[in-house]
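Please read the following note alongside the sequence and the model.

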Amino acid sequence: MERAYIGLGSNLAEPEQQLRDAIAALAGIVNTELMAVSSFYASDPLGPSDQPRYVNAVAALDTGLAPLQLLDALQAIELAQGRQRKAERWGPRTLDLDILLFGNRSLSEPRLTVPHYHMHARPFVLYPLAELVPTGFRLPDGRTLDELIAACPFTGLERLATDL
């Protein structure tokens, strides 16, 4: 089993409920155990600003699946919750599930890059992730999460008082 961290985001069709439903679905992935979920955060959208704010969180999973198998499971959850893959990058969506980290692996494949290629610049990923990892947590490239957070202010984020 390897620890994987999954970024969750939604800004359509009751985003907080979308995340709750996704968390329940994550708990049902075969050969995988849901270990923890961060707080929910509201964040400003990337890309087009004429869309609703996002609700984001991070989940920790222990999985026996290979990275691409886990990606397939995540994409099946997205589709089940109404995700439509459109050409518009960073557009609104019912659900986005991203593998942020997978053990201590660095992967660069056509369908999957781990660590997630822009996580270092996304406060809506870094701050929820910090709730789930131990102090001094290091990414596969040796940088600490604390270093990334120091370079990525809490701008545009709001921690929500949401019960799972």
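Is Phe154 buried, partly exposed or exposed? Phe154 counts as partly exposed, because its relative accessibility is 37%; buried means under 20% relative accessible area, exposed over 50%, and partly exposed in between, with a 1.4 Å probe and protein chains only.

1. Basis of the note. This is a predicted model, in which local features need pLDDT of at least 70, side-chain atom pairs count only at pLDDT 80 or more, and totals for chains, interfaces and linings use all residues. Residues are numbered from 1 along each chain as its sequence is written, and side-chain values use heavy atoms, with hydrogens and water left out.

2. Aromatic pairs. The whole structure holds three aromatic pairs (ring centres of Phe, Tyr or the six-membered ring of Trp within 6.5 Å; planes under 30 degrees apart are stacked, over 60 edge-to-face, the rest tilted). One of them joins Tyr41 and Phe154 edge-to-face, at 6.2 Å centre to centre and 70° between the planes. Tyr41 belongs to strand E3, whereas Phe154 sits in the loop between helix H4 (145-150) and strand E8 (157-159), 113 residues apart. Helices (H or I, at least four residues) and strands (E, at least two) are DSSP runs, numbered from the N terminus. Tyr41 is buried, with a relative accessible area of 4%.

3. Tyr127 is buried, at 17% relative accessible area.

4. Helix H3. This helix (residues 123-132) is largely enclosed by the rest of the structure, because eight of its 10 residues are buried. Among the buried residues of H3 are Pro123, Phe124, Tyr127 and Leu132.

5. Ser39. This residue lies in the loop between strand E2 (32-37) and strand E3 (41-43). Ser39 counts as buried because its relative accessibility is 15%. Leaving aside neighbours within four places in sequence, Ser39 is in contact (heavy atoms within 4.5 Å) with Asn56, Ala57, Glu131 and Arg159. The side chains of Ser39 and Arg159 make a polar contact at 2.7 Å (a pair of N or O atoms within 3.5 Å; within protein, one must be able to donate a hydrogen and the other to accept it, and residues adjacent in sequence count only if both atoms are side-chain atoms).
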